[in-house]
Amino acid sequence: AVVDGATNFDATVQTEAVYEDARTITTHFQLRTNTSWSHRTPTRSVRVDCVVAGESFTTTGQCAASGSPTATCAVSVTLPSRLFQHPGSPSVTVLGGFTSDWDATNRQ
């Protein structure tokens, strides 16, 4: 049964490196409540921002307990190929959090 709404999350970036022909960054989220620490939570929107050379690429996804015993979801961002047209290795910063709390400090 679904309990309280998700107030906390853990996030892991699956993608270690991106290349011109492999530009998708995938982040996995697991949601839980701060009262019972249960992962059986209602659907909640999460957001991922990938920042490369001062430019931000954003996507959102829905995480829910229904159909998933662990309340996990994966959100992917595909970077444009133009970022890889110049020599060098651009650094990518990946941030994740709840969409509704994005302006707060609750992101990793």
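Student: Of the 108 residues of the protein, what percentage count as buried?

Tutor: This is a predicted model, in which local features need pLDDT of at least 70 and side-chain atom pairs count only at pLDDT 80 or more, while totals for chains, interfaces and linings use all residues. Residues are numbered from 1 along each chain as its sequence is written, and side-chain values use heavy atoms, with hydrogens and water left out. A residue is buried under 20% relative accessible area, exposed over 50%, and partly exposed in between (1.4 Å probe, protein chains only). By this rule, the buried part of the 108 residues is 32%.

Student: Which element of the protein has the highest mean pLDDT?

Tutor: The pLDDT is the predictor's confidence in each residue, from 0 to 100. Its mean over the protein is 82, and 86% of the residues reach 70 or more. Among the elements, strand β1 (residues 8-13) has the lowest mean, 87. The highest mean, 92, belongs to β3.

Student: What pattern does the protein follow along the sequence?

Tutor: Helices (H or I, at least four residues) and strands (E, at least two) are DSSP runs, numbered from the N terminus. The protein has zero helices and six strands. Read along the sequence, the pattern is therefore β-β-β-β-β-β.

Student: Why might nonpolar side chains be found together?

Tutor: The largest nonpolar core of this protein has 19 residues. In soluble globular proteins, nonpolar side chains tend to be buried together.

Student: Which two residues form a disulfide?

Tutor: A disulfide is a covalent bond between the sulfur atoms of two cysteines, and here a pair of cysteine sulfur atoms within 2.5 Å counts as one. By this rule the count comes to one disulfide. Its sulfur atoms are 1.7 Å apart, and its residues are Cys63 and Cys73.

Student: How many residues apart in sequence are the parts that this pair ties together?

Tutor: Cys63 is buried at 0% relative accessible area, and Cys73 is buried at 10%. Cys63 lies in strand β4 (residues 55-63) and Cys73 in strand β5 (residues 72-78), so the separation along the sequence of the parts tied together is 10 residues.

Student: With which side chain does the side chain of Arg44 make a polar contact?

Tutor: Arg44 is in strand β3 (residues 44-52), and at 18% relative accessibility this residue counts as buried. Contact means heavy atoms within 4.5 Å, and beyond its neighbours within four places in sequence Arg44 contacts residues including Leu31, Cys63, Phe98 and Asp101. A polar contact is a pair of N or O atoms within 3.5 Å; within protein, one must be able to donate a hydrogen and the other to accept it, and residues adjacent in sequence count only if both atoms are side-chain atoms. At 3.0 Å, the partner of the Arg44 side chain is Asp101.

Student: What distance separates the C-alpha atoms of Val77 and Asp49?

Tutor: Val77 is found in strand β5 and is buried at 5% relative accessible area. Beyond four places in sequence, Val77 touches residues including Val48, Cys50 and Phe57. Val77 and Asp49 are 28 residues apart along the chain, and their C-alpha atoms are separated by 8.1 Å.

Student: Is Ala53 buried or exposed?

Tutor: Ala53 is found in the loop between β3 and β4. Although not a glycine, Ala53 has a positive phi of about 50°. With a relative accessible area of 76%, Ala53 is exposed.

Methods. Core = buried A, V, L, I, M, F, W, Y, C linked by side-chain atoms within 4.5 Å.
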